[in-house]
Amino acid sequence: MPARAFVFDAYGTLFDVHAAIARHRGAAGPDADRFSEIWRNKQLEYAWLLSAAGHYVDFWTLTERALDYAFARVPTVDRALRATLLDAYFKLDAFPDARAALTALKARGMKTAILSNGSPKMLSGAVEAARLEDLDAVFSVDTIRLYKPRAEVYALVTGGFRLAPAEIAFVSSNRWDVMGATAFGFRCIWVNRANAPEEYPEFAPVKVVRELGALATLEI
């Protein structure tokens, strides 16, 4: 059974989560990269732990809290940048190959969508800023108030598209996300831009690529 839809994780896969700092690297100073890593890691940690504890706070609020934590951990970055960095995160840059990959998949007759931890407002802002509006759907965890990698999140896609899990090709740069989606039954493609080591051997992706451009001709 060939895939009938390509569904993408948003943050880290279509949108560069470190673009906010990259735009203001000079103002952030020499610890900019460390600051950005802490910001991203705490954002994810908050989502996972809240879900595990049975609680939910929307992803934009978690993004703000994680940023405040990063300022506390890296005092060399001026807190006066807070509003500027949040505005940049709301309008993150897409990776250079994202738009072309989506266009190529649509030309092949594939449905395309986003499935993300992001709140609807966040996703709308990022999609509009990156001009990736030619999508069939944008699924946000906000509708069920649970975060990835819970199975209920991936079920948003099968329910929304009325497709079986095996008919969904799921694309993510986050290996933990690929694990969760594979466990759910999606055919997963790991975009391993950083040549990171393999993890979760029980839940291996169907394909590993280094860039989104590889999806244009990928048969799955």
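This report describes the sheet, the helix packing and several individual residues of a predicted model.

## Basis of the description

The model is predicted, so that local features need pLDDT of at least 70 and side-chain atom pairs count only at pLDDT 80 or more, while totals for chains, interfaces and linings use all residues. Residues are numbered from 1 along each chain as its sequence is written, and side-chain values use heavy atoms, with hydrogens and water left out.

## The sheet

An open sheet is formed by 6 strands in the order β3-β2-β1-β4-β5-β6, with parallel pairing; strands are DSSP runs of E of at least two residues and helices are runs of H or I of at least four, numbered from the N terminus, and two strands pair if DSSP finds at least two bridges between them. The edge strands, each pairing on one side only, are β3 and β6 (207-209). Neighbouring strands of the sheet are turned by 25° against each other on average, with direction ignored; axes here are lines fitted to C-alpha atoms, for helices over the stretch in contact, and angles run from 0 to 180 degrees between N-to-C directions.

Strand β1 (5-8) is joined by 4 bridges to β2 (residues 111-116), and the two run parallel; β1 is also joined by 4 bridges to β4, again in parallel. F8 has I114 as its bridge partner in β2 and stands opposite V171 in β4. From β1, A5 and V7 point one way and F6 and F8 the other, and all of them are buried, where buried means under 20% relative accessible area, exposed over 50% and partly exposed in between, with a 1.4 Å probe and protein chains only.

## Helix packing

Two packed helices are described by the angle between their axes and the distance between the axes. For helix α3 (residues 32-52) and helix α4 (residues 59-73), the axes come within 8 Å and cross at roughly 135°. The two helices are therefore oblique to each other, given that angles under 35 degrees count as roughly parallel, over 145 as roughly antiparallel, 65 to 115 as roughly perpendicular and the rest as oblique. The crossing of α3 and α4 is right-handed, meaning that the near helix is turned clockwise from the far one by less than a right angle. Residues making the contact include F35, I38, W39 and Y46 of α3, and F59, L62, Y69 and F71 of α4. The contact residues divide into 13 nonpolar, 2 polar and 5 charged, with Ala, Val, Leu, Ile, Met, Phe, Trp, Tyr, Cys and Pro counted as nonpolar, Asp, Glu, Lys and Arg as charged, and the others, Gly among them, as polar.

In α7 (120-130), the residues M122, L123, G125, A126, V127 and A130 are buried. What covers these buried residues includes α4, α5 (82-90), α6 (98-107), β2 and β3.

## Backbone features in the loops

R131, which follows α7, is found in the loop between α7 and β3. This residue has a positive phi of about 55° although it is not a glycine, and R131 is exposed, with a relative accessible area of 55%.

The loop between β3 (137-140) and α8 (151-161) holds P149 and also R145. R145 has a positive phi of about 60° although it is not a glycine, whereas K148 and P149 are joined by a cis peptide bond with omega of about 10°.

D16 is placed in the loop between β1 and α1 (19-23) and is partly exposed, with a relative accessible area of 24%. The C-alpha atoms of D16 and A94 are separated by 5.9 Å, although the residues are 78 apart along the chain. Leaving aside neighbours within four places in sequence, D16 is in contact with L92, D93 and F95.

I220 lies in the segment after β6 and is buried, with a relative accessible area of 16%. Not counting residues up to four places away in sequence, I220 touches P2, A3, F6, A169, R187, I189 and V206. I220 and N174, by comparison, are 46 residues apart in sequence and 19 Å apart in space, C-alpha to C-alpha.

Conventions:
Contact = heavy atoms within 4.5 Å.
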